[in-house]
Amino acid sequence: MKQFKAQEIVALLKQEIQSYQPTLVMEQVGKVIEVGDGIAWVYGLQNAMAGEMLEFENGEIAQVFNLEENYVGTIILGDYLKIKEGESVRSTGKLMSVPVGKDILGRVINPVGQPKDDGPTIVPEKYYPLERIAPGIADRQPVFESLQTGLKSIDAMIPIGRGQRELIIGDRKTGKTAIAIDTIINQKDQDVICVYVAIGQKESTVAAIKDTLQRHGAMGYTIIIDASSSETATLQYIAPYAGCAIAEYFMYEHNRHTLVIYDDLSKHAAAYRQLSLLLRRPPGREAYPGDIFYLHSRLLERSIKLSKERGGGSLTALPIIETQEGEVSAYIPTNVISITDGQIYLTPELFFSGIRPAVDVGISVSRVGGKAQTKAMQAVAKNLRLELANYRELEAFAQLGTELDKTTEIQLERDRRLVEILKQDQYHPMPVAEQVAVIFVGIEGYLDKISCSQISQFEKEFLEYLKIHHTEYHKIIASTRNLTPEAKEILKQAIEAFLPGFIAKSQDKKS
């Protein structure tokens, strides 16, 4: 073994001392002075930022919510029962962020990015802040691309464009979530990443939605963020912001088109109200704090169609709001209506009379999507909305027992068939070419000789006939997105060839 001389040891020590670079690590640490109901009051974090992420000594995380003179109010994003008074809290200097990456595609996660399914551990590529200032006008461009829902009544009369915010509103059990799920299923092969945010839903409901999306091959491009009713109000509060941040990652980093569904923002507002009251913020109308409008406006303003210079991606938002007894003038519904670019209003009367989706054409509107609607749909559906609105009035008039003239009776019968044509089964979205064909047949009056009860069967058989015998029609619509004179002529020939046989077959069944 080599023996070191004293001079060598001294030289080595001198070298180490001279090369030593002292580093000073400063951490701001506070103490928990009160904890309970998902919130904690912390003393000693004078330099904390609003929205900053804090870490407790047991590893749980929290977000700074209230900045008081001597202490801060925080919301705990974990199990608050594990946190005790007197424990230390460390300031991280980072804004609250969510892990993002391609690993989360097809997964069910909670709002802080932890998996809730049986899949492997998620390895994040980076972290995206929950809160982000919405891009300005220079970074945006007008909405011009269509986001097809696959639902005839919506794509024809209340079209949605990529980058739009379209509210789905109605009483409970009127099919709001069904429209959202159909829209996700219809994005298959459309190059759209979908994020479904479940706020305050039952675990069984979220499991059923996941199962439905898997059966229709939609989970591969979908992420489910589950902040169920069993979770704390804090996780329900951050859930939509987490969903928006994940969608923004795919939009900004990969120039993708994204769709985010917030189901629903009524429960989100209630969770925020709970947190605000616990943190002693003054209540206002219906006990909601004064900044409740800002809660949803800063979320929905992040929906965007990016300019070409920024990559041209888009973030489309479909927020859902539940009304009580159809009261659209309540506080939260009016707030969100004023923020969004239109609303799809569903009514129990239509739903229980068998008209599904139960879209009320009179009050539903899309303020942007018409510019993004395909020319083929515009060609056949330009007067559809007006005709159905007139039908509602004529039907109410006819129910009074008033005698109608022959022309009005003919129009009423035709409109009844249009209503039947717009009915659609759940989880069966329809391609644009088939929607255009069906609406064309109704608008042109070819269904006048068929009873309303046979229209569903007619639609099924006619579309099958069109697919087998007139494949060129689908090719024209797919390539041009327009109902060209050639495509219109093919439709006319197809219906004139198919209709007599269908009528004869129907009469044989009756006899």
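Analyst: The largest pocket has a volume of about 860 Å³. A pocket here is an open set of points on a 1 Å grid over the protein atoms alone, with protein on both sides within 12 Å along at least five of seven lines, and lining residues have an atom within 4 Å of a point. Grid points are joined across faces, edges and corners, and the volume is the space filled by probe spheres set on the points. The model is predicted: local features need pLDDT of at least 70 and side-chain atom pairs pLDDT 80 or more, while totals for chains, interfaces and linings use all residues. Residues are numbered from 1 along each chain as its sequence is written, and side-chain values use heavy atoms, without hydrogens and water.

The lining of the largest pocket consists of 33 residues, and Lys-173, Gly-175, Lys-176, Thr-177 and Ala-178 lie nearest the centre. Helix H3 (176–186) provides the largest share, six residues. Helix H4 (203–215) and strand S15 (314–322), like H3, each supply at least two. Helices (H or I, at least four residues) and strands (E, at least two) are DSSP runs, numbered from the N terminus. By class, the lining has 12 nonpolar, 10 polar and 11 charged residues; Ala, Val, Leu, Ile, Met, Phe, Trp, Tyr, Cys and Pro count as nonpolar, Asp, Glu, Lys and Arg as charged, and the others, Gly among them, as polar.

The second largest pocket, of about 610 Å³, is lined by 21 residues, with Asp-425, Met-430, Ser-456, Glu-459 and Lys-460 nearest its centre. Helix H14 (residues 455–469) gives the largest share of this lining, seven residues. Ten of the lining residues are charged, six nonpolar and five polar.

The largest cavity has a volume of about 90 Å³. Its lining includes Ser-153, Met-157, Ile-355, Leu-388, Arg-392, Leu-422 and Lys-423. Helix H2 (152–157), helix H11 (384–398) and helix H12 (406–422) are the elements that give two or more residues to this lining. Eight of the lining residues are nonpolar, one is polar and two are charged.

The second largest cavity holds about 40 Å³ and is lined by Ile-421, Val-438, Val-441, Leu-447, Ile-455, Phe-458, Glu-459 and Phe-462. Helix H13 (432–443) and H14 each give two or more residues to this lining, and H14 gives the most, four. Seven of the residues are nonpolar, none is polar and one is charged. Glu-459 is also among the residues nearest the centre of the second largest pocket.

Phe-458 leads on to the packing. In the largest nonpolar core, which has 81 residues, Phe-458 is one of the four that touch the most other members, with Ile-184, Tyr-473 and Leu-483. Such a core is a set of buried Ala, Val, Leu, Ile, Met, Phe, Trp, Tyr and Cys residues joined through side-chain atoms within 4.5 Å; buried means under 20% relative accessible area, exposed over 50%, partly exposed in between (1.4 Å probe, protein chains only). Helix H16 (residues 485–510) contributes the largest share of this core, nine residues.

Technical notes
1 Å grid on protein atoms, 1.4 Å probe; cavity = no way out; pocket = protein on both sides within 12 Å on 5 of 7 lines; lining within 4 Å.
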